[in-house]
Structures are given as C-alpha cells and as structure tokens.
Amino acid sequence: MGSSINYPGYVSKPNQKVAGNPIFPRENVHTKQGTAKSKLSLALQIQKDETDDGVSSLHENSGEEVDSDTDYSSCDEKNEESLRDYKPGGYHPAFRGETYNHGRYILVRKLGWGHFSTVWLARDTVTNAHVAMKVVRSDKVYTEAALDEIKLLRRVSTRNGSVEGFYDASKHILNLLDSFNHSGPNGKHVVMVFEVLGENLLALIKKYEHRGIPVMYVKQIAKQLLLGLDYMHRKCGVIHTDIKPENVLMEVGDVEAIVKMVELLDKQKRDQRKFQRRATKTSIDSPTVTANSSRSSTSASLERSTTRRLRRHTLITGSQPLPSPISSTNFFEMKAQMMGQSLPRPMPPSTKNNVNNVNVSGGEEEQITNSLSSLEISTFTDERTEDEVSRELDVIQIKIADLGNACWYDEHYTNSIQTREYRSPEVILGSEWGCSADIWSAACLIFELLTGDFLFEPDEGHSYTKDDDHIAQMIELLGDIPSRLLNTGRHARTFFNSKGQLRNISKLKYWPLKEVLREKYKFSDEDAHNISDFLLPMLSLDPQGRADAGGMVNHPWLDGTVGLEAVKLSDRKLYESGVDIPGWCQEVAGQPRH
Ligand SMILES: Nc1ncnc2c1ncn2[C@@H]1O[C@H](COP(=O)(O)OP(=O)(O)OP(=O)(O)O)[C@@H](O)[C@H]1O
C-alpha cells in the first residue's frame, strides 16, 4: 500500500534506497539530504539469529521456539516494521506455523512488510502450493483501505485479462487469489492471498550497485510494465498512483522448487547449528576438554541462554524474500549446493577433535549425517543444456504490485499521490491528474533502471522547498512548464510569480535528457538518442500530451525485447497521447461507474 497518505502510525520506511547522485544539485544546498531516512528507533527488535547467519522466530504468546531460518536472499537489511505498531489496531503478531482461514493456510516465513501489513509465505493445504499472504493492520482506516484494494485487485485480476487471441497483459499485475478476515490479539485483520513473487526492482538496482542494470533487462521490464499499465488504464479504469521500483516485483520462476530449495538449505544450516551446539555441550561435559576451551564454551553457553531470554520478548521476524535468479548473487551457488556439488557436511571425527577439542559420539554424528543425506535433492537435478540455462537467465518477468494506493478513473480517493521522486508535475502543481500520472512515474523508474540514479531527486535549501527544487529540476531537464498547468494548478502561484518565473529559484542550469545520458552516463550518441526518444514522450510536462502506455509498447527501442519480440499493440499509435482514454488527465465526473 502507499506511502503518501497519512494513516495512523504512518512512518517512512527506513533506508529504502541508497540515494543516487542528483542530476542537478543546487549550489546553495549546504547539507545534502538523500531520501534514505533515519533508522527507526532502537526499540525495533529484529530477531536475528544468535549466531551469525540466520533469523529465528519466537512467538510471544506461544512461547514456542521455532528453528532458525537463514537468509539466502540479497536482502540483508535489518529494517523491519516497528514493534510499537504491534498494538490494538496495528500489525497482527503472526508467526511461523500459524494457521489461517480455518486451517487452510499455514505460515512458512516472512517475505516482507509495508506500512499496512506484514507479508508471509504460506502453504495452502488445499492446493498444496505456496502463496503470499498479506496480513493488514487492523485499524479501521487500514481495513477500509484494504477493502478498496481488494475491489481494485478483483477488477484487474487475470480472469478479466485473458481474451483469446490477444496478449494477456493482466499477467503483469499481481494476482489476488483469496481474501478473508483473521482475528487476533490486536483486532480483526483483512488478509489478502496472492501468488508468490520474489524481490522488488529496488533489490535489482542495488544488486547492480546503482550503476544501472543491463539494458536487455531494462527493455523487458519496461515493456511488461507498459503492457500492465495499458491494461490497467484502458481495460480496467484503474490508476496505480504509486509506480516505483519497490512496487514492481520479479517472478521467481518455479515457486515450489525454489521454496523447497530454500527450506532444505535452511534445514541444513539448522542441522549444522544443532550439531555444533551439541558438540559444544559435549565438550563442556567431557573431562578431556582443555581449560581454555572449557572457558570459551561456558561463556558461549551463557551467551546463548541470555539470547534465549531476550528472544522470549521478540516479536518481529526478519523478512526473507525468495531469491530470484537475476537479483540474487548466490542463487546458482544455492542451486549447486542442492545438486550436491558442495553440500556442507559435518566434519569427520578426526578433524572435529583436532579443531574444536570436542568429543562427539559416533551415533550422534551418524544421525546428523543421515539427516543431511536424506534430503531430497533430486528435484533440483538440472538436465538442461547450457543454452537453455542461459536463456532462462536472459528472461526476467515482472508484476506490478501494491494497489493499496490505486484508485478508479472516475473516483480518486486523494490528490496526495505518488512517492516524491516519481511525482508528476501536475500533482505537485495541484492541477488535475489521471492515468497519465502513472506514465510519468514509469518513465522515472525506467531511467533509474538504466542509470541507477533517480531522474529527479529534489532537496530543500535555505530559500526553497523540495517542491520548488523538483519543479526547477523538471524545467532544467524538459523545458518550461506549459501555461495550461500554470493556469490550472491550485498551487502554481506558490511556485511561480505573475510573469511565470520561479519565485524561489533564479539560476537554472538547463541540461536536456539526451545530453545527460551522453555526458553523465556515457551512453553512446545513438543510445542516448534512442533512449531519450523513448522516454521523452512519457515525460511530457503537460499530461494531456503525454504518450500512453499502449502506444509506447510499440516503440522501436523495445523491438526485439527478449521474450516479447512479437508483442505490438495494433490498436494504439506510437507517441500518441492517451487523451481518448477515460480519466487520462482528470477524474471523470459524475456517479462512479465501476
Ligand atoms: N506476492 C508477493 N510475493 C512475495 N513478496 C511479496 C508479495 N507481496 C508483497 N511482498 C513483499 O512484502 C512487502 C510489502 O508488501 P506491500 O508493499 O504490498 O505492503 P504494504 O503494507 O501495502 O506496504 P507499503 O508501505 O509499501 O504500501 C513488499 O515490499 C514485498 O517485499
């Protein structure tokens, strides 16, 4: 759900992004303030494993300790939801093994969280497949927003998208499978059940260290994103209003195989830890241990019991999104492990005794070795050719997620839309807006994928606000704000004087997009030309003239996009504005018809 509305307890998600270099930093900004927000208070108790590499879960009410999971994903942030929000009206204290909807769903691990919800991987005992479950905060305002989201999700659901003979673009939008209520100590929570996806595009941007992701992937993401938006706008009358990398998720491929792989690797780690614990315990009990090892083992044991005591009060589970081949550096190592190539195994007795000065009984060792070797690894035996594997790596599939801020073409819920960096000029100026606002955000997102930097990263200075800076950056990149927006924008007079000049910023440094791509990002002349030819129609300052998603699917820059080579939309014209689409740049007045 979205980030621009002030819901109770609403706080910015910490460290969402490592701020990129702004294209146009103003000279008189003394302190650079990136978008990375300060960390949440130390009261945030993330439950990290007591050793070095895992996350455990202990549910306060159950008192039941659940074995540690290990984070194999590229998500290594320690930022989770705030413990303060576990209160009546807040998050539900979900835990691994908890059942939902009369036992149909069983929680497996936490995938992520947002301001509205925590999201969990769950097993559906009816289909025996895995699903993602979004457990929404129980406060009335979240519940109402969730019910609106469900209506919007139903509208865009796959069932409405597939028409024989036509490209089914609904597959680029997250599919709602089920929804119900769940009661807990903090109230009644709306729960939404989705297909399971992997990490979001921000993980991909980070994986490439904010230097831009390969153009081959950008084209696939761009084409799928535009197809999804075209479907949303033209077929469903839905406006997303919060397109940004965090809200576009990558598919993980064969979900069941990946869940199995991740779980088996977790189990291996747990078994190894158990083995180490037992070994240490044996060393304490054993008369053959040295004085030094006895001291260190005893202190380790004390440390563990302290950690255990602390863990009794821990409620927050660490997020573990499923790894996807493209975003997770260690994905193929994991797969190799599962295929038995470098399976971590307990050390043979002689080495153990030498290295750790401990004694382990032969029976214990055998038991542990058996538990590892009995893992079913045949599922992951890969008999595909190198070409097939390389082709699989070339393909990226994305879905637009988080319709929590979405609205209808004929019913806008608020004018406070879009996350700052992706916010369109009409919204900042307080003019009318519509579906075309999503196109602006999409262009900002595509630029960010290509370069690793925000297209606009406004900052405030001594004499100007973030909005002043944002508008100035737009002018520097794209030219003057059209007079129609100046005349209709409710806030235009805040930023512009009667001569149409910016009130608070006088020195502008014009730097057109094509030059930025060439000079700052070192794209070749040809690439800079093609990319700006693709992006500029979507960055039309006047939403009336902004190109629509369907038309842009047909742009030559997207020709030959891997996996979508043949996809063109014959009923939309390249570069043409979407003014014929109902609700394109204003809310359609009258009785909402959806
Ligand atoms: N279908 C899914 N499969 C896998 N992970 C998911 C899925 N849906 C959501 N997630 C994970 O959960 C996180 C939170 O989801 P989402 O953004 O929908 O929640 P929210 O409470 O509405 O958050 P926000 O504050 O971003 O509006 C996502 O960033 C993602 O990591």
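The following legends describe close-up views of a predicted model.

**View 1**

**View 1. The loop between strand 4 and strand 5.**
Two residues of this loop are shown, Asn 101 and His 102. Asn 101 has a phi near 50°, which is a positive value in a residue other than glycine. His 102 likewise has a positive phi, near 55°, and is also a residue other than glycine.

**View 2. The pairing of strand 5 with strand 6.**
Strand 5 (residues 105–113) and strand 6 (residues 117–124) run antiparallel and are joined by seven bridges. A hairpin of three residues leads from strand 5 to strand 6. Two facing pairs can be located in this view. Trp 113 stands opposite Thr 118 in strand 6, and Lys 110 stands opposite Trp 120 in strand 6. Is strand 6 mostly covered or mostly uncovered? Strand 6 is mostly covered, as six of its eight residues are buried.

**View 3. The pairing of strand 6 with strand 7.**
On strand 7, the partner considered here, eight bridges form the antiparallel pairing with strand 6. Arg 123 stands opposite His 130 in strand 7. The hairpin of strand 6 and strand 7 has four residues between the strands. Within this hairpin, Asn 128 takes a positive phi near 60°.

**View 4. Lys 134 in strand 7.**
Lys 134 lies in strand 7, which spans residues 129–136. According to UniProt, in an unreviewed entry, the feature "binding site" is placed at Lys 134. Is this residue, Lys 134, buried or exposed? Lys 134 has a relative accessible area of 8% and is therefore buried, the limit for that class being under 20%. Which side chain does the side chain of Lys 134 contact? The side chain of Lys 134 makes a polar contact with the side chain of Glu 149, at 3.4 Å.

**View 5. Helix 4 and helix 12.**
Helix 4 (residues 215–236) and helix 12 (residues 436–451) have axes that come within 10 Å and cross at roughly 170°. Helix 4 and helix 12 are therefore roughly antiparallel to each other, as angles over 145 degrees fall in that class. On the side of helix 4, the contact is made by Val 215, Val 218, Ile 221, Ala 222, Leu 225, Leu 229 and His 233. On the side of helix 12, the contact is made by Asp 438, Ile 439, Ala 442, Leu 445, Ile 446, Leu 449 and Leu 450.

Key: Residues are numbered from 1 along each chain as its sequence is written. This is a predicted model: local features need pLDDT of at least 70, side-chain atom pairs count only at pLDDT 80 or more; totals for chains, interfaces and linings use all residues. Side-chain values use heavy atoms; hydrogens and water are left out. UniProt positions are given in the numbering used here, feature names are shortened, and annotations may be inferred rather than shown by experiment. Buried means under 20% relative accessible area, exposed over 50%, partly exposed in between (1.4 Å probe, protein chains only). A polar contact is a pair of N or O atoms within 3.5 Å; within protein, one must be able to donate a hydrogen and the other to accept it, and residues adjacent in sequence count only if both atoms are side-chain atoms. Two strands pair if DSSP finds at least two bridges between them. Axes are lines fitted to C-alpha atoms, for helices over the stretch in contact, and angles run from 0 to 180 degrees between N-to-C directions. Angles under 35 degrees count as roughly parallel, over 145 as roughly antiparallel, 65 to 115 as roughly perpendicular and the rest as oblique. Contact means heavy atoms within 4.5 Å.
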